[in-house]
Structures are given as C-alpha cells and as structure tokens.
Amino acid sequence: MAKTRRAILKAAGALSALAALPVRAQTPSPVPAATPTPAPAKKPDGLALVARDRYGKFLTEDEMVKMDEDMAFLDTRSARLRALRLENGEEPALDFRVNRT
Amino acid sequence: MSESDSFFFTPLRELAAKVRARKVSPVALAEESLERLERHGRKLNAVVTLAGDDALAAARTAEAEIKRGRYRGPLHGIPYGAKDLLATKKMPTTWGAAPYRNQQFSYDATVIRKLADAGAVLTAKLSMVELAGGMGYNDANASFTGPGLNPWNTAFWSGGSSSGPGAAVAAGLVAFAIGSETVGSIITPSAFCGVTGLRPSYGRVSRHGAMALCWTLDKLGPMTRGADDCALVLSAMEGKDPADPTTVAVPAGSAPSGRRPRIGVLHGATDFVQPEVAKNFEDSLTVLARFADVSRDVALVDLPFGLCAGTIVDAEGGSAFRELIESGRLRELAAKSDRYGGYSSLMTPAVDYLHAMRLREKMRAPMAALLERYDALAAPARATVSLPIAVDFDKAYPELAKGRPENFVSPIGALISVGNLVGYPALSLPNGFGASGLPTGIQLLGGAFREAGLAGIGRELQKRTDFHLRRPDGY
C-alpha cells in the first residue's frame, strides 16, 4: 500500500522535529525517511469513517486510502500531544505577540 | 545587454548609487527585468504575471522624480518581484492555485504599497507552491504554473513555497523579491537557490493583503543576493500598520552593539546531512570564528516543536481554507497529495490545537533566555541540496536515512520550527555547493526584532566569502 509522507515520517519517528514541514508542508522533509515496510491494508475506522462519509464523494478510492492514513495520523498526534502533560493554569499563546528579548 | 553584465547580480546599494547618479535608468532596469522574466522566468516556471506596461509606467515616474531631484531612497527605480500571495489591484493574485487563478483584489497589500512608496518597481508576480503548501504537498509539481525549476540545475526544484522568488533572484531576473514563510518557505528556497533570505520577526512586517495560511505563523520577508540587500529591503517593508493589528513599531535598540557576535551552533547540526552540506557548514563556522565567538553543542529546550507547528498549521490552515476544502475543489490542485491533504486539517481536534498553543507558550521563555546568551543560533539551512523534480520528496536521498535512529530529531527542522513558533527572525545565507552543482546554505536564528544583528553577521560573513555573488550558467 502506498504511504503518504505523513505516514512515512510517522513510521520513521521523525515527526517530532519535522511535523510542520511534512504534515502541512511548507517545505519537504530535510531528512528523507526510510522506506517503510508495507503494512497490510487496514479497515477504516473512527475518524476515517467520518471523513469518508463527509468527503469521500470528492475522492478516488486510492485517495480515500491515503486520507484514512491521514486520519490515523491525527489519532497518533493526539496521543502524543496528550502525553505532554500541562498544568491547569497553563494558557495558550492565543493573543500572539512577540516581545523583544 | 549581455548576460554577463546584467544589473541584477549587483548588490542593491551599488545599483541604487548608479540609479541616483543617473548612470542607470529605472526605465532601462524595468525593461531588462521584464525581458529576463519573459525569457528565463517562464522557462523556470518562476513567473505568474508580468507587470508589463504598469511596471514601465512606474519606472518612468521614478526616472522623472529622480531627474527632478526627488530621490526616495535606495529602492527608488529598482525592479522587484512579489510572491503571488500579495494582493495587487492591477494584477490577479492567484495564491499559486488553479481555483484562484482569476482572483482579483481591489487593493494593494501593505507591503506592495510600502515598496511603491519607496519607489521600487514591481515587474512580476512570482510563482509559489499552491496555497503556500497548506494542503501538504509531497512533490515539486505543486503549482498551476508548474514545478519551480532551479536555475543552478533545472532537473531540480527551486524550493517552496516561495519558489518563484528564489529562482528569480538566483537567475538575476529582478533585483530582489518578496517571499513569505509560515514554517520554512523563505529559508528553504533561499538555500536551494543560493540566495540570501530574511524571515523577519512576527509583527515586524504587515501581513495585510497577504494570503493567510496561519495567522499566528505567517511572515513576509525579502529574498535577495546579500544580507545587506535584505536589511535594505526590510527597512522599506517594516512598521506598524493599522490594517494588521499584530504589527508593532520597530523597537529601538535593534542595531548591533559593536562587540563580537556570539554564535551558538546547535548540537548535532550536521548529523544525517549530505557530506557537502556538513563540510560547507564547517567552513562557514571557520569564517564566522574570524569575527565572532562560536560555541558548539548548544541545545534547544526539549519540547516538540515540529509536533506543535504541524498541529497549528493544520488547524489554522484548515480554517483559512475551509470553504475551498469543503467545496471539493481541492481536485483542481496540481499536487497529488494536495487533492486529499486538506480533509484531515478539518478534522484536527480543537483541543489538539489548543494543546499545541499551550506548549508553544512554554517555548517562549527558554528561547528568549537562549537568545540572550547568543546573538544567533546556527545550523545548516537544509540537510540536503535541492530535491529532484521527478521524485516525490519522501523518496529523495534515501541514503541519508541509513543508520538514523528512529527517534532522531533533526536540529535543522527543529530550528526552523521553533524559530517560527516563537516568531523570531532568521537569515539563510548561501555557503557553497554540493551534489549536482546545487547550492547549500547556513541558517542563523536571532532574538526577537534583532534582524539588524543577523544582517550584520551576514554582512561580515559575506565580506569574507563570495557565494552570494556567484551566478548560475546561462543567466
């Protein structure tokens, strides 16, 4: 099964530094990933099913498989973010301003 | 004019002096730029729209003003190109994407207006990766104008997402160009094309009239031949703008202090990079050490920069392009992966976005502290030279992955990600050549609003090297 760049980088463990680049690629990955061992096709579930229901009409079957991988990646990314614990009072950088150092 | 004496390989200050002294005519410069853009720029897929008669009219006005003694400054009468995500009322603004190829704005972006006020002459809207890469492209053919070709070797990409600005400056089609960066889009094409690019601090340059991909990450900056040129162009672009509430007045005291700069080299900066990239980086450090204190093995705070940047780009980009994505018109995009890549953006959980933004906040204090100790953090600009046009990005240079640990975090990607997340300026400088005759670069990250310090380091480096003066064959 062809893999998306997102899935390949996930497999290579390179996402922590490079997610901004390949995931919504402003640039290509500076360090190409190893070619992963092809994984057996997985039945879409969870978010992938919702995505197929909403957007499948715009996609070919091959593209839907790639979208499934993207949705699986969202789950993985959520898990990685959840693992980075924050205190209740830690607020987001919503009103983003840069202060001179 | 022959290829060898094109004006656009001349440092801006020298060119400006000739214009001011009326040894060079702004009209002749505009004509030369338009001719070179047509002849070379089209072949490089670097041009979207030529300004044509409007450029010549602006050049005639500049020439008449200079003749009357009304000299506006060093950009007066100088031709430039703008990435085609900046709104212009006289030309379409396509965002590099087929669904927007006829988009017309009724106003000029603030940057376009400021450069016009400085007397600069816009000769072309330059190509870019569609939607600045917001849909997750994985190959060079990611623009309705075709893949951006690298003037140093046209079998390779000019980089993204500011593809046209990189190629047009490298090939001497304009005197300078304006690019944009969310996460790497000035640094990458600058490095791949062997030009100098400056990503300013967030808030230094108005984004009004620029396509939004990520409101909290997008920045506009100059791409030029040398660091001095970047500083010159930035001074005309910067400043508070009521139309962009995130802009700030340029803080005082941002000039270099006069002491030896302190440069921190990231730990592992040359791990898993091409050999020529490593060698050229080491050579740059040797030159830097002649006028700066260079410290090795500097570590960034241990936070997931890429994870956060990716989540933020997904969420903000998904919101910015929600209507397009939900319309099904992603099918019109050029890159294969862009045709489905936007759907996961729409499914990014709000809590993940906020989690990333909370982690982003935690990066600010340690990065500010680190950049109190150093005037710049250094790493190669990219791990490789440019990527081949004919190969998907994830299949290029597979040899670099051999032996690399699974949990490897690239300091190069980390520096680009964290620099953008905290909104600090960065400079990419050409520092040699590598595989396939392609350029390599070094990136320097500075503290907030310390562009002048970065440009100073760049100037000193470029006084001692000549990579920024090299030109590709045939241009």
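Which residues in H3(A) are buried? Ala48(A), Ala51(A) and Tyr55(A) are, where buried means under 20% relative accessible area, exposed means over 50%, and partly exposed lies in between (1.4 Å probe, protein chains only). These residues span an arc of only 60° around the axis, so they sit on the same side of H3(A); the arc is that of the directions from the helix axis to the C-beta atoms. Their cover includes H4 of chain A, along with helix H10 (322-327) and helix H12 (343-346) of chain B.

Some bookkeeping before going on. This is a predicted model, in which local features need pLDDT of at least 70 and side-chain atom pairs count only at pLDDT 80 or more, while totals for chains, interfaces and linings use all residues. Residues are numbered from 1 along each chain as its sequence is written, chains are lettered from A and ligands numbered from 1 in the order in which they are written, and side-chain values use heavy atoms, with hydrogens and water left out.

Back to chain A. It has four helices and zero strands, giving the pattern α-α-α-α along the sequence. Helices (H or I, at least four residues) and strands (E, at least two) are DSSP runs, numbered from the N terminus. Of the 101 residues in chain A, 50% are buried. Take the contacts in chain A between residues at least 6 apart in sequence: 49% of those join residues at least 24 apart. Contact here means heavy atoms within 4.5 Å.

Now for how the helices pack. Two packed helices are described by the angle between their axes and the distance between the axes. Helix H3 (residues 47-55) of chain A meets helix H4 (residues 61-83) of chain A at an angle of about 140°, and their axes are 8 Å apart. That makes H3(A) oblique to H4(A). Axes are lines fitted to C-alpha atoms, for helices over the stretch in contact, and angles run from 0 to 180 degrees between N-to-C directions. Angles under 35 degrees count as roughly parallel, over 145 as roughly antiparallel, 65 to 115 as roughly perpendicular and the rest as oblique. H3(A) passes H4(A) in a right-handed crossing; a crossing is right-handed if the near helix is turned clockwise from the far one by less than a right angle, and left-handed if anticlockwise. On the H3(A) side the contact is made by Leu47(A), Ala48(A), Ala51(A), Arg52(A) and Tyr55(A), and on the H4(A) side the residues include Met64(A), Val65(A), Met71(A) and Leu74(A). The contact residues divide into nine nonpolar, no polar and four charged. Ala, Val, Leu, Ile, Met, Phe, Trp, Tyr, Cys and Pro count as nonpolar, Asp, Glu, Lys and Arg as charged, and the others, Gly among them, as polar.

Chain B has a helix pair to look at as well. Helix H2 (residues 26-41) of chain B and helix H3 (residues 52-67) of chain B pack at about 160°, with axes 7 Å apart. That makes H2(B) roughly antiparallel to H3(B), and the crossing is right-handed. Among the residues that meet are Val27(B), Ala30(B) and Leu34(B) in H2(B) and Ala55(B), Ala59(B) and Ile66(B) in H3(B). This contact divides into nine nonpolar, one polar and three charged residues.

Most residues other than glycine have a negative phi, and most peptide bonds are trans. Trp95(B), though not a glycine, has a positive phi of about 55°; its place is the loop between strand E2 (79-83) and helix H4 (110-117) of chain B, and Trp95(B) is buried at a relative accessible area of 13%. Phe272(B) also has a positive phi, near 55°, but Phe272(B) is partly exposed, at 25%. As for peptide bonds, a cis one joins Gly160(B) and Ser161(B), with omega about 5°.

Finally, find Thr216(B) in the loop between strand E7 (196-199) and strand E8 (219-224) of chain B. Thr216(B) counts as buried, at 9% relative accessibility. Leaving aside neighbours within four places in sequence, its contacts include Phe96(A), Tyr202(B) and Ile312(B). Thr216(B) and Ile312(B) are 96 residues apart in sequence, with 8.6 Å from C-alpha to C-alpha.
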